[in-house]
Amino acid sequence: MATPDAVPAPLGLLAELTHRCPLGCPYCSNPLALDRDHEIDAATWARVFREAAALGVLQVHLSGGEPAARRDLPDIVKASRDAGLYSNLITSAVGLTPQTLAALADAGLDHVQISIQDCDEASADHIAGYRGALARKRAIAGEVVQLGLPLTINMVVHRANIGRIEPMVELALSLSASRVEIAHVQYYGWAMKNRAMLMPSRAQVDEAVRQVELLRTRHHGRIVIDAVVPDYFARFPKPCVGGWGRRSINVTPAGKVLPCHAAEVIPGLEFWNVGEHSLSEIWRNSPAFNAFRGEAWMQEPCRSCARREQDFGGCRCQAFLVAGDARATDPVCHLSPRHAVVEQLAAVREDVAYAYRRT
Amino acid sequence: MDSSAARLTGDARPRLPRGVRLAQSEAQGGWVLLAPERVFKADTITVEILKRCTGVSTLDEIVDDLAKAFTAPRERIHADVVNLLGALADKKLLEV
């Protein structure tokens with residue numbers, strides 16, 4: 001495939017510093033095959049950050065696994081700041097100490113996002129597969145606010161907690177968060193494995209969407225409520241990662257560069273590594289990034305659809321995982337000839353034990 | 001529900017909180033406002049207003065300064081400033 005003439009400038013870099021994590025959330029966004037053998041060092045991350053900034057990246061999302069599992073996290077944060085990037089720590093807060101947090105604030109960290117599994121303690125700890133998780137998260141959230149850092153609470157929503165949107169937002173308010181994300185589970189990797197256990201009903205989803213609207217009005221000016229839509233119940237697909245190879249770069253713990261965190265599920269894509277190529281070379285020329293750039297790869301109904309510049313045909317990983325073809329229209333779209341498959345999957349609910357993600 | 005605009009009185013000293021900052025990006029085509037998991041393009045007027053939101057100057061001083069710098073009617077500048085800052089405060093991107 002020809003390289004498109006104008007390759008856009010990326011905006012965000014998702015830096016998966018490690019796949020190690022003390023928690024076992026059954027919807028973890030890490031791949032089923034975790035990077036275990038090798039983690040690139042802080043000096044390599046520093047180079048990646050400089051190359052990212054030169055490409056136009058403005059924000060780096062320091063994620064994992066649990067990024068605090070890396071002892072050199074303060075060095076990594078400092079390197080992102082030195083490169084001129086806005087740094088966002090995406091953490092479970094478990095394994096993050098007040099001392100480390102203070103060092104991160106000194107190193108120039110801009111923002112902290114803490115995941116909370118539920119407002120009900122027993123349920124939260126059960127979902128995380130970690131006793132005492134919620135208590136630790138509350139304590140660290142307090143430290144974040146104490147240090148004057150802005151705090152976002154991220155709440156992943158699924159069948160076990162979808163009825164508690166209101167108290168979850170209340171919890172975020174009580175922790176002095178300035179922002180809360182109500183993120184319905186996206187079914188990839190571990191979440192796909194646990195799909196029947198996580199899937200809410202249509203009635204629950206409708207009520208949850210209504211609740212978010214009500215809470216936005218009630219708390220206007222006090223907390224920002226952002227929502228990630230439950231896409232199996234949507235009419236149109238999400239503009240996944242803002243379009244393939246348009247805005248986002250994902251670097252795995254071992255230095256492999258992906259257009260999105262789930263991209264490795266698509267067979268036949270060739271990913272390049274920061275150990276062998278500069279980020280700029282990878283962004284512009286690597287086969288994986290060019291695989292679904294532009295519109296030449298699209299099939300009908302996307303190819304002639306008025307929305308193709310808005311949602312880019314949806315998610316390539318979901319097209320592969322559900323429709324069996326990475327070039328197909330995301331089957332979440334009601335215009336997809338395979339949309340019935342999504343409706344069938346959304347109707348499967350089984351109360352079984354979670355398959356916890358384990359490192 | 002409290003309106004942020006109502007708190008923007010003449011003696012308020014607005015400032016960007018930690019985690020919200022202006023930056024210049026050649027690759028992204030100019031000034032941007034960086035915030036928690038969000039990026040906004042900032043036009044010239046927005047940049048001129050936000051550069052003055054240091055927590056030191058009062059709203060009245062900011063408006064006077066802008067009216068002088070742009071030789072524009074004070075009332076219009078005041079309305080623009082309160083509109084912008086009120087919207088940012090509602091999004092938790094400005095401290096009043």
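## Arg349 of chain A

Arg349(A) lies in the segment after helix H14 (339-346) of chain A. Helices here are DSSP runs of H or I with at least four residues, strands are E runs of at least two, and both are numbered from the N terminus. Arg349(A) is partly exposed, with 13 other C-beta atoms within 10 Å. On this scale a residue is buried if 20 or more other C-beta atoms lie within 10 Å of its own, exposed if 12 or fewer, and partly exposed in between, with C-beta atoms placed from the backbone.

Leaving aside residues up to four places away in sequence, Arg349(A) touches Arg159(A), Ala196(A) and Met199(A). Contact means that the C-beta atoms of two residues, placed from the backbone, lie within 7 Å. Between Arg349(A) and Leu55(A) there are 294 residues of sequence separation and 44 Å in space, C-alpha to C-alpha.

## Basis of the model

This is a predicted model, in which local features need pLDDT of at least 70 and side-chain atom pairs count only at pLDDT 80 or more, while totals for chains, interfaces and linings use all residues. Residues are numbered from 1 along each chain as its sequence is written, and chains are lettered from A and ligands numbered from 1 in the order in which they are written.

## Chain A overall

Chain A contains 14 helices and nine strands. Its radius of gyration is 20 Å, close to the 21 Å that the globule rule gives for 359 residues, so chain A is as compact as a globular protein of that length. The radius is taken over C-alpha atoms, and the rule is 2.2 Å times the number of residues to the power 0.38. The C-alpha trace of chain A spans about 50 × 50 × 40 Å along its principal axes.

Of the 359 residues, 53% count as buried. Among contacts in chain A with a separation of 6 or more, 73% come from residues 24 or more positions apart.

## Strand E6 and its partners

Strand E6 (residues 179-184) of chain A has five of its six residues buried, so it is largely enclosed by the rest of the structure. E6(A) pairs with strand E5 (residues 151-157) of chain A in the parallel sense over six bridges. Pairing requires that DSSP finds at least two bridges between the strands. Val157(A) stands opposite His184(A) in E6(A). From E5(A) the chain crosses through helix H6 (residues 165-174) of chain A to E6(A), a β-α-β crossover that is right-handed. Right-handed means that, with the strands pointing away from the viewer, the path from the first strand over the helix to the second runs clockwise.

E6(A) also runs parallel to strand E7 (residues 224-228) of chain A, and five bridges join the two. In this pairing Glu181(A) stands opposite Asp226(A) in E7(A).

## The sheet of chain B

Chain B has an open sheet of three strands in the order E1-E2-E3, with antiparallel pairing. Strand E1 (21-25) and strand E3 (38-41) of chain B stand at the edges with a single partner strand each, so one side of each is left without a neighbour in the sheet. From one strand to the next the twist averages 35°; axes are lines fitted to C-alpha atoms, and angles run from 0 to 180 degrees between N-to-C directions.

E1(B) and strand E2 (residues 30-35) of chain B run antiparallel and are joined by five bridges. Gly30(B) in E2(B) is the bridge partner of Ser25(B).

## Contact between the chains

The contact takes 20 residues from chain A and 19 residues from chain B. The side of chain A that touches chain B has eight nonpolar, nine polar and three charged residues. Ala, Val, Leu, Ile, Met, Phe, Trp, Tyr, Cys and Pro count as nonpolar, Asp, Glu, Lys and Arg as charged, and the others, Gly among them, as polar.

## Backbone exceptions

Most residues other than glycine have a negative phi, and most peptide bonds are trans. The peptide bond from Gly64(A) to Gly65(A) is cis, with omega near 10°. Gly65(A) sits in the loop between strand E2 (59-63) and helix H2 (73-82) of chain A. Another cis peptide bond, from Glu300(A) to Pro301(A), also has omega near 10°. Pro301(A) is in the loop between helix H11 (287-290) and helix H12 (308-311) of chain A.

Ser176(A), although not a glycine, has a positive phi of about 65°. Ser176(A) is in the loop between H6 and E6 of chain A and is partly exposed, with 15 other C-beta atoms within 10 Å. In chain B, Glu37(B) is not a glycine either and has a positive phi of about 55°. Glu37(B) lies in the loop between E2 and E3 of chain B and, with 18 C-beta neighbours inside 10 Å, counts as partly exposed.
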